[in-house]
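Biologist: I would like to learn how to read the features of a structural model. Could we go through them one at a time, with the general idea before the case?

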Amino acid sequence: VDPELFLLLFVPPILFADAWSLPRRDFVRTLRGVLLLALGLVALTVVAIGYLMHWLVPAMPLALAFTLGAIVSPTDAVATVATTSELPLPARVVQIVNAESLLNDASGLVAFKLAVAAAATGLFSSADLALQFLLLSGGGIAVGVVAEGLSRNLRRRLIRHEDPDPTVITLVTVLTPYVAYITAEW
């Protein structure tokens with residue numbers, strides 16, 4: 001299966017379903033820690049794994065080693081939610097870990113795409129990659145926040161309507177993750 005098609009078909013609804021179960025106020029309250037983990041820890045993992053692999057296999061180009069680091073950097077959001085629900089952890093830790101796992105997929109994918117582009121073109125600048133990573137990850141997060149806000153307002157308007165059509169409300173709910181994903185990819 002083409003990876004781009006796989007990502008388009010399965011990642012948006014899976015992440016959306018997990019995000020739906022996370023209370024918004026909990027997410028906002030833990031936002032600082034979540035962003036530090038989702039952006040900072042992913043970037044640190046990519047760099048650490050990249051340099052480690054380059055050190056272990058000196059023939060491996062650094063850009064290729066960073067690609068490997070980007071592959072292993074994000075945690076799986078679905079596995080994280082399932083695991084933390086069974087562990088006796090403080091509620092705040094569970095909220096941070098689950099929220100972070102929703103965002104780190106995006107930053108991991110951005111890191112992967114940047115590393116693959118660097119490996120394919122042979123053009124590699126740590127400063128340029130770091131800046132692109134921050135811009136693209138931040139832009140993706142911003143697109144997600146805007147898409148969620150617009151979708152929420154649209155659903156509220158549809159529900160307040162005199163005779164709300166459940167099919168239209170369901171359609172808006174189902175299309176929201178795809179619109180957000182495609183917009184962020186663009």
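This is a predicted model: local features need pLDDT of at least 70, side-chain atom pairs count only at pLDDT 80 or more; totals for chains, interfaces and linings use all residues.

Modeller: Residues are numbered from 1 along each chain as its sequence is written, and side-chain values use heavy atoms, with hydrogens and water left out.

Biologist: How many helices and strands does the chain have?

Modeller: Helices (H or I, at least four residues) and strands (E, at least two) are DSSP runs, numbered from the N terminus. Here the chain has eight helices and zero strands, and its C-alpha atoms fill a box of roughly 65 × 40 × 30 Å along the principal axes. Of its 186 residues, 31% count as buried, where buried means under 20% relative accessible area, exposed over 50%, and partly exposed in between (1.4 Å probe, protein chains only).

Biologist: What volume does the largest pocket have, and which residues are the closest to its centre?

Modeller: Rolling a probe the size of a water molecule over the atoms shows where empty space is left. A pocket is an open set of points on a 1 Å grid over the protein atoms alone, where a 1.4 Å probe fits, with protein on both sides within 12 Å along at least five of seven lines; lining residues have an atom within 4 Å of a point. The volume, meaning the space filled by probe spheres set on the points, is about 1300 Å³ for the largest pocket. Of the 41 residues lining this pocket, L103, G140, I141, G144 and V145 are the closest to its centre.

Biologist: Which helix gives the largest share of that lining?

Modeller: The largest share, 13 residues, comes from α7, and the helices that each supply at least two lining residues include α1 (3–20) and α6 (91–121).

Biologist: Which side chains meet in a salt bridge?

Modeller: A salt bridge is a side-chain nitrogen of Lys or Arg within 4 Å of a carboxyl oxygen of Asp or Glu. A search of the whole structure finds one, in which the side chains of E148 and R152 meet at 2.5 Å, N to O. Both lie in helix α7, four residues apart, about one turn of the helix. E148 is partly exposed, with a relative accessible area of 25%, and R152 is partly exposed at 24%.

Biologist: Where does L9 lie, and is L9 buried or partly exposed?

Modeller: L9 lies in helix α1 and counts as partly exposed because its relative accessibility is 40%.
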